[in-house]
Amino acid sequence: MKKNYQAIVIGGGYFGCSSAYNLAKASISTLLLEKNEITSGASGANFGCVQVQDASPGLSLELTLAGFAKMKTMEKELNRDIGFNLQGSLIAAEYEHHLPELQQLYQTMRGSGLNIQWLEGERLYQMEPNLKNGSIRAATYFEQGRIYPFHYMYAQIARGKEYGLDVAENTAVAELLMENGKCTGVILVDGNAIRAEQIVITAGAWTRELCKKAGLDVPVYSVKAEAFVTEAIEPFLRNYYSSAGFFAEAHSQESAAMSLCIGQSHYGNLLIGETSKPENMVSADLADNTSMEHCRRVKQKVAEFFPALENIKILRSWVTASPYTDTCLPVFGKSAIPGLIVAAGFKSCAVISPMVGEIIADLVARDSCKYDLSEFIGQSKLL
Amino acid sequence: MDAKEIIICRCEEITLAEVLAAIDDGCHTITSIKKATRAGMGACQGRTCNRLIMQILLSKGLQTSATIAVDKARFPIIPCTIAALGEDN
């Protein structure tokens, strides 16, 4: 670790790894700081779904589609197996009250040129034979993809290091270094200062706290998300399944509730999540506490939609602070504080991360990028 | 014996060669080696391989008895069925 860099990236998740890799690749001297270990936050808790069909219309969808196309070439670019393959996605209207929202998603996506399909009745169960017959009203379907999150993030770190990237794990930032109204570096918890021309904050649920001390309000909040992984079983699910209520219900401080997501991993394990409940931050001492409500709700949801799984064994659980914004749009771009770039609060993360890294490298190297990020970054305000 | 022939994690069938490759990539803790290789993610949740990986890290001088941290034990400790969740006893 040196004392001066062109760029410092704070946070080693999807966006931090992608930014650090792209910056190093662009020959920019870069330091990636992570307060725990790479992948230890929400990105490491993620199921690796390369989700396309739930993107918000406009620039989010444009970047999502570009990210999906780029993800297909990442194994070649990184020269590593990141577990990318195509996989269908079902977004299910589980109850009558989910139908209007799902219909709206369907129409919006079709209107945006995305060829998603509307499934109900027999076609639904042909697409997902182990879904309990009659348990859901309808679903939208789109063939998208998945990755193995750890391999994807580690591959970028390894490739980034080949380009000269410095990585410091277990190195927490106490605050941003501010001089004459500019962000000029970071002050670590041990008191040492490291300077850089540009600071990139990709700290997920911790972004808001870090920026607040520097005088910038970044409206990225978080909910507690919980997950289980089961023993490996034979192919059971054809698609990644999620409830249409996920973004409306799960990411709300007022009405957060269990919203089922379930997918089968590359290795045959089922990934089941994500109960979410309002909680501004999962505190360190609660970070791995699985709740009793989560256990009860998962049991109930599995019985309701995938009863054949009732006797499958759970191997372990995890809990994380899942970041979100009220608008479902990320806070992303060059902030009002010179030298400070923010990238946090994205809706579906894996899919968009390759584009975010590329854009960050442009913002640092050329001070601009080919996209107008004003709607995204405009959500942050000087305090 | 060839490191590709030595199994470190029985459940996920992860070899010594894979563990050493992860260490070369900069994974110097039991948790990061687990994430990079899947050693410890199987049915026994690392009861066998955690000790072996601990010995490898200690013998390479990458950790000391003071710094080595075990992978955090998580619910449900021993595998349990989904049907058994939420039972009061």
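This is a short talk on a predicted model with chains A and B, covering where they touch and what lies inside chain A.

Hi everyone, let's start with the interface. Here, 25 residues of chain A are in contact with 19 residues of chain B. On the chain A side, the elements giving two or more residues are helix H7 (149–162), helix H10 (292–305) and strand E16 (313–324).

Two chains meet through strand pairing here: E16(A) runs antiparallel to strand E3 (residues 80–81) of chain B, and 2 bridges join them.

Now to a residue in strand E12 (residues 221–232) of chain A, namely A:Val229. Is A:Val229 buried or exposed? With 20 other C-beta atoms within 10 Å, A:Val229 is buried, because the cut-off for buried is 20 or more. Beyond its neighbours within four places in sequence, A:Val229 is in contact with A:Asn269, A:Leu271, A:Leu315 and A:Arg316. For a distance check, its C-alpha atom is separated by 24 Å from that of A:Gln53, 176 residues apart along the chain.

Last, the largest nonpolar core, which has 138 residues. Those with the most contacts inside it are A:Ile8, A:Ile10, A:Ile199, A:Val342 and A:Ile360. Helix H11 (residues 349–366) of chain A gives the most to this core, with 11 residues. As for A:Ile8, its contacts beyond four places in sequence include A:Leu31, A:Leu33, A:Val186 and A:Ile199.

Thanks, everyone!

Notes: Residues numbered from 1 in each chain as written. Chains lettered and ligands numbered in written order. Predicted model: local features only at pLDDT ≥ 70, side-chain atom pairs only at ≥ 80, totals over all residues. Contact = placed C-beta atoms within 7 Å. Helix = DSSP H or I, 4+ residues; strand = E, 2+ residues; numbered from the N terminus. Pairing = 2+ DSSP bridges. Buried ≥ 20, exposed ≤ 12 C-beta atoms within 10 Å, placed from the backbone. Core = buried A, V, L, I, M, F, W, Y, C linked by C-beta atoms within 7 Å.
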